Amino acid sequence: IRKATAEKLPGPDGRVSVTIQEAIAAAVEGRSLTAADAESVMGEILSGTATPAQIAGYLVALRAKGETVSEIVGSARAMRGCLATRKTPGRSSKSR
């Protein structure tokens with residue numbers, strides 16, 4: 001019996017991003033994520049669509065497997081991208 005899954009559409013770069021569930025499964029199996037995949041998963045976390053249990057599962061699976069440079073780079077890119085879209089009242093971008 002196969003579970004029905006929603007069709008994933010390519011992002012702006014033409015790649016199909018992985019879901020947090022797929023990333024957890026990959027990490028549990030000992031497979032590393034690409035920087036783009038880790039960025040996609042961190043984006044899902046930062047957007048608020050991932051549940052606390054999914055976030056915990058992802059982080060524990062990565063830690064148990066051992067984080068790679070690519071996974072850290074991708075996650076950092078997503079976090080920086082999230083910060084770039086936020087504006088701090090009273091601060092201009094020139095004051096940084």
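A salt bridge (a side-chain nitrogen of Lys or Arg within 4 Å of a carboxyl oxygen of Asp or Glu) joins the side chains of lysine 65 and glutamate 71, with an N to O distance of 3.1 Å. Lysine 65 is partly exposed, at 21% relative accessible area, whereas glutamate 71 is buried, at 1%; buried means under 20%, exposed over 50% and partly exposed in between (1.4 Å probe, protein chains only). The model is predicted, and local features need pLDDT of at least 70, side-chain atom pairs pLDDT 80 or more, while totals for chains, interfaces and linings use all residues. Residues are numbered from 1 along each chain, and side-chain values use heavy atoms, without hydrogens and water.

The count of salt bridges is 3. Arginine 63, exposed at 55%, pairs with glutamate 67 at 3.6 Å between the closest N and O atoms. Arginine 31 and glutamate 29 meet at 2.7 Å.

Helices are DSSP runs (H or I, at least four residues). Gln54, Tyr58, Ala61 and Leu62 are the buried residues of α3. These residues fall within an arc of 100° seen down the axis, so they line one face of the helix, the arc being that of the directions from the helix axis to the C-beta atoms. On the other side, Pro52, Ala53, Val60, Arg63 and Ala64 are exposed.

Definitions and conventions: Helix = DSSP H or I, 4+ residues; strand = E, 2+ residues; numbered from the N terminus.
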